[in-house]
Amino acid sequence: MADAAVRSLALGLDAGGTYTDAAILDLAGGQVVGWAKAPTRHDDLTHGLAAVLAQLDPQLLAAVTVVSLSTTLATNALVEDRGARVGLLLMPPSPNAAAAVRWAPRRLLPGRLTIDGRELEPVDHAAVRAVVAELLAEGVESFAVSGYAGVANPVHELAVGALVAEISGRPVICGHQLTGRLDFVRRAHTAALNARLMPIIGRLFDAATEVLASVGVQAPLYIVRGDGSLLAVDAARQRPIETILSGPAASVVGARYLTGLDDLAVIDIGGTTTDVALVEGGQTAVGDEGAVVGSWRTSVTAAEIMTSGLGGDSVVALLDGGARLAIG
């Protein structure tokens with residue numbers, strides 16, 4: 001369009017488990033001026049992004065001033081139990097305290113703090129080196145480190161994380177970098193899930209950055225978080241757990257914008273999951289207890305969205321002579 005260069009345009013991308021979508025919004029007029037859809041290929045995330053951008057007007061793309069990316073890839077990966085093999089390194093107050101952490105492979109390390117962060121036992125560097133070598137031999141691709149009271153004093157988590165990164169050269173995340181909640185078990189699960197997602201989401205961000213540059217989009221890239229707010233792409237690479245429910249959260253924001261309603265139910269049926277949320281008084285409730293995806297309750301702040309592993313591409317089967325319904 002002739003006046004594209006003087007317009008303020010936003011590009012929205014959504015990388016779903018089944019389709020990748022794109023839309024260009026005229027920020028001044030509030031009108032969608034271009035949109036496209038293409039299948040998502042999990043073996044080549046660049047393909048879907050390139051396919052949707054190829055369908056859009058190059059003049060409009062050149063005038064884009066901001067890009068936001070929402071995705072269900074993190075949510076789908078957790079629901080489908082996919083992702084990197086993660087080694088979880090725990091520093092609990094006692095061995096019994098780690099019994100509720102349901103993650104494998106994991107190792108317990110010396111290094112204890114009081115609940116207010118005072119040191120009771122220092123980090124044992126030799127023990128860290130030994131367990132990292134063991135986990136690498138087991139095929140671990142990334143690491144998560146979580147210690148009791150790490151949010152009160154992260155010194156132990158930081159020391160172990162730095163040593164793991166030095167030894168292994170693999171992605172490492174510490175529990176205190178993701179949440180300030182005191183729940184030791186939930187924080188450990190959150191750190192492990194984040195480490196599982198880092199390679200998957202990192203590949204998506206690499207693909208998006210590459211494809212946007214190839215079509216002349218120079219605008220900054222932001223990622224939609226699970227509460228509907230935006231996160232800089234470099235921060236999202238380290239904290240991909242914050243993108244769980246990203247796609248559904250964007251759907252809620254979009255549904256309210258398109259309907260103009262303050263009270264509505266939003267049901268987003270994708271290829272892999274179905275997500276349901278309520279908007280009351282113009283606001284989507286944000287869960288105080290942390291987002292739940294599949295069988296995992298995390299420490300991540302996100303919109304209150306119910307996610308089920310039932311989507312358009314799900315296989316539905318009757319088992320036990322029709323007595324039991326299986327979805328997968």
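Visitor: What makes the span of α6 close to the expected one?

Guide: Helix α6, residues 184–214, has 31 residues and reaches 44 Å from its first C-alpha to its last, close to the 45 Å expected at 1.5 Å a residue. The expected span is 1.5 Å times one less than the number of residues. Helices are DSSP runs of H or I, at least four residues, and strands are runs of E, at least two, numbered from the N terminus. This is a predicted model: local features need pLDDT of at least 70, side-chain atom pairs count only at pLDDT 80 or more, and totals for chains, interfaces and linings use all residues. Residues are numbered from 1 along each chain as its sequence is written, and side-chain values use heavy atoms, with hydrogens and water left out.

Visitor: Where does α6 bend?

Guide: At M198, by about 40°. The bend is the angle between axes fitted to the seven residues ending there and the seven starting there. A proline, P199, follows within four residues.

Visitor: Why is A149 called buried?

Guide: Its relative accessibility is 5%. Buried means under 20% relative accessible area, exposed over 50%, partly exposed in between (1.4 Å probe, protein chains only). So A149 counts as buried. A149 lies in the loop between β9 (142–147) and α5 (155–168).

Visitor: Why is I327 called partly exposed?

Guide: I327 has a relative accessible area of 41%, so it is partly exposed. I327 lies in strand β20.

Visitor: How much of α6 is buried?

Guide: The helix is mostly covered, with 23 of its 31 residues buried.
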